[in-house]
Amino acid sequence: MSVLPSFASPEASIVFLVLAAFFAGVVDSIAGGGGLITLPALLATGLPPHLALATNKGQSSFGVVASFVSFWRRDGIERDRVPVAFLGSMLGAIAGALLVLAVRPEPLRPVVMALLVVAAVIVAMPRRMRPQVRAWKNPKAVLAGFALAIGLYDGFFGPGAGSLLIVGFTMLFGDTLTRASGNAKTINLASNLTALSIFALRGNVIWHIALPMAAASATGAFVGSRLAMRRGDRFVGAVVFCVVIAIVVKLGADFVRH
């Protein structure tokens, strides 16, 4: 029996998912939040939620890799931060994935919504009005703690992690929004690959759906990364703001529904 139920036909379902993955890859590489596009698309084809979540992680991870490579080649990532950020995020994602087996993540919704509203306000502020970045005595320790926290959150719950990363890098380290978008990719990469490994080992990723979507997601990620680097902070800020508001609306709707 086919894993894809009748959306119109299996072929039409794949075309629909590939298009969704491309646009999600563009958005995700700039501001995070691509799952707002791909996860509902996967659910719309009739996949059970646990398979949709795992398959979504399978396809999005390729886009994250492509986005990381694109920013790296264009010198859009602080390379000396990569080892600490990657390891911290990976450990956090493992802890988050284990935690979700013991605790339901739904109570986090109001907290995350509040954090995202604050993030939207910060992004909307002119740069001169944002809180001043303090000089850290041990910036690597701060980075490790930040990566661990976001990795844990991404492994446990996830929505808005990319946007919170961008705002976090601007607030903690004084990065421009474009630079923060690039630096966020290291933490995204670690948490995505960790979660994908866990899902894949459990056999929850539907690879004949994930791989065509992955190709489209990677293509979209290259396009989005180049747009971010070329168009600069104002463009990145506008996309981040729109994505954050969309996530808040989605979480709010889910909270009211349940």
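## The two faces of helix α4

On helix α4, the face turned away from the buried side carries the exposed residues P83 and L98, where exposed means over 50% relative accessible area, buried under 20% and partly exposed in between, with a 1.4 Å probe and protein chains only. This is a predicted model, in which local features need pLDDT of at least 70 and side-chain atom pairs count only at pLDDT 80 or more, while totals for chains, interfaces and linings use all residues. Residues are numbered from 1 along each chain as its sequence is written, and side-chain values use heavy atoms, with hydrogens and water left out.

The buried residues of α4 are V82, A85, G88, S89, G92, A93, G96 and A97. They lie on the same side of α4, because they cover an arc of only 165° around the axis, the arc being that of the directions from the helix axis to the C-beta atoms. An α-helix has 3.6 residues a turn, so residues three or four places apart point the same way. The buried residues of α4 pack against α3, α6 (139-156) and α8, with contact taken as heavy atoms within 4.5 Å.

Helix α4 has 19 residues and reaches 26 Å from its first C-alpha to its last, close to the 27 Å expected at 1.5 Å a residue; the expected span is 1.5 Å times one less than the number of residues. Helices are DSSP runs (H or I, at least four residues), numbered from the N terminus.

S89 is placed in helix α4 and, with a relative accessibility of 0%, counts as buried. When residues up to four places away in sequence are not counted, S89 touches A147, L148, G151, I187, A190 and S191. L148, one of these, belongs to helix α6.

## A nonpolar surface patch

A nonpolar patch on the surface is formed by L87, L91, I94, L98 and L148, which together have about 440 Å² of accessible area, as given by the Shrake-Rupley method with a 1.4 Å probe, where for residues only the protein chains shown count as cover. Patches are made of residues with over 30% relative accessible area and no salt bridge, and nonpolar side chains (Val, Leu, Ile, Met, Phe, Trp, Tyr) are joined within 5 Å. Helix α4 gives the most to this patch, with 4 residues. L148 in helix α6 is partly exposed, at a relative accessible area of 39%.

Side chains of opposite charge can pair when their charged atoms come close. The count comes to 2 salt bridges under the rule that a side-chain nitrogen of Lys or Arg lies within 4 Å of a carboxyl oxygen of Asp or Glu. In one of them, E78 pairs with R179, the closest N and O atoms being 3.0 Å apart. This pair links distant parts of the chain, 101 residues apart, with E78 in the loop between α3 (49-73) and α4 (82-100) and R179 in helix α8 (residues 177-201). E78 counts as partly exposed at 26% relative accessibility, and R179 likewise counts as partly exposed at 24%.

The side chains of D175 and R81 also meet in a salt bridge, at 2.9 Å from N to O. Here too the pair links distant parts of the chain, since D175 is in the loop between α7 (161-173) and α8 and R81 is in the loop between α3 and α4, 94 residues apart. D175 counts as buried at 6% relative accessibility, and R81 counts as buried at 18%. The loop between α3 and α4 also holds D75, which has a positive phi of about 60° although it is not a glycine. Most residues other than glycine have a negative phi. D75 is partly exposed, with a relative accessible area of 48%.

S181 lies in helix α8 and counts as buried at 0% relative accessibility. With residues up to four places away in sequence not counted, S181 touches S29, I30, F71, I166 and V236. The C-alpha atoms of S181 and S60 are separated by 16 Å, the two residues being 121 apart along the chain.

I247, in helix α10 (residues 233-257), is buried, with a relative accessible area of 2%. Leaving aside neighbours within four places in sequence, I247 is in contact with G33, L36, L116, P159, G160 and S163. Between the C-alpha atoms of I247 and G88, which are 159 residues apart along the chain, the separation is 25 Å.

Conventions:
Patch = residues over 30% accessible without salt bridge, like charges linked within 9 Å, V, L, I, M, F, W, Y side chains within 5 Å.
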